[in-house]
Amino acid sequence: MEEMVTLSGAHSIGESHCSAFSKRLYSFSARFPQDPSMDGAYAETLKSKCPRPRNLTDSVDPVVVFDLSTPALLDNNYYKNLVSHRGLLASDQELWSSGLTRKMVKYNRNHPDAWASKFAAAMVKMGYIDVMVGRNGEIRNNCRAVN
């Protein structure tokens with residue numbers, strides 16, 4: 001679990017299509033149109049970059065950066081964003097909301113050098129995972145669909 005929380009810090013860089021999180025902005029639930037775990041000002045910023053989808057086949061799908069403050073820097077700002085309720089993806093924000101991972105998020109927020117060391121070690125470990133090919137697995141042409 002700790003390595004998963006550590007590697008999630010990679011969301012300090014990169015971007016996401018609006019379709020991956022727009023439900024959090026516009027149609028979260030019957031009771032809450034907007035995800036109540038998301039900072040209101042952050043949600044408004046995202047709405048300005050991600051208009052409400054017009055229909056299910058809408059081909060307009062802008063991208064936004066995961067971290068508005070330091071989008072091109074791999075740093076521990078990801079964890080600061082989670083504490084401020086500015087996690088872009090619901091799965092990211094859940095790391096702060098869950099009692100199982102909250103302490104890890106706090107630690108990574110408060111100890112950037114320790115996080116960077118843990119991140120490097122976890123990346124090296126992940127590099128040793130065997131790629132499954134043939135009948136055991138596949139490398140997908142499109143991450144969202146089985147070949």
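Trainee: Where does N142 lie?

Mentor: In this model, which is a predicted one, N142 lies in the segment that comes after α7, the helix spanning 112–127.

Trainee: And is N142 buried, partly exposed or exposed?

Mentor: N142 counts as partly exposed, because its relative accessibility is 42%, and partly exposed covers the range between under 20% for buried and over 50% for exposed.

Trainee: How far apart are N142 and T101?

Mentor: Along the sequence N142 and T101 are 41 residues apart, while in space their C-alpha atoms are 31 Å apart.

Trainee: Switching to helices, how do the axes of α5 and α6 cross?

Mentor: The axis of α5, residues 90–97, and the axis of α6, residues 102–110, come within 6 Å and cross at roughly 95 degrees, and so α5 is roughly perpendicular to α6.

Trainee: Which residues meet there?

Mentor: From α5 there are L95, W96 and S97, and these meet R102, V105 and K106 of α6; by kind, the residues of this contact divide into 3 nonpolar, 1 polar and 2 charged.

Trainee: New topic: how many cavities of 30 Å³ or more does the structure hold?

Mentor: The structure holds 1 cavity of 30 Å³ or more, and the largest cavity contains about 50 Å³ of space.

Trainee: What lines the largest cavity?

Mentor: The lining of the largest cavity is made up of H11, F66, Y78, N81, R86, G87, L88 and D92.

Trainee: How do those lining residues divide by kind?

Mentor: The lining of the largest cavity has 3 nonpolar, 3 polar and 2 charged residues.

Conventions
Residues numbered from 1 in each chain as written. Predicted model: local features only at pLDDT ≥ 70, side-chain atom pairs only at ≥ 80, totals over all residues. Heavy atoms only, no water. 1 Å grid on protein atoms, 1.4 Å probe; cavity = no way out; pocket = protein on both sides within 12 Å on 5 of 7 lines; lining within 4 Å. Points joined across faces, edges and corners; volume = space filled by probe spheres on them. Nonpolar A, V, L, I, M, F, W, Y, C, P; charged D, E, K, R; others polar. Helix = DSSP H or I, 4+ residues; strand = E, 2+ residues; numbered from the N terminus. Buried < 20%, exposed > 50% of the residue type's maximum accessible area, 1.4 Å probe, protein only. Axes fitted to C-alpha atoms, helices over the stretch in contact; angles between N-to-C directions. Parallel < 35°, antiparallel > 145°, perpendicular 65-115°, else oblique. Contact = heavy atoms within 4.5 Å.
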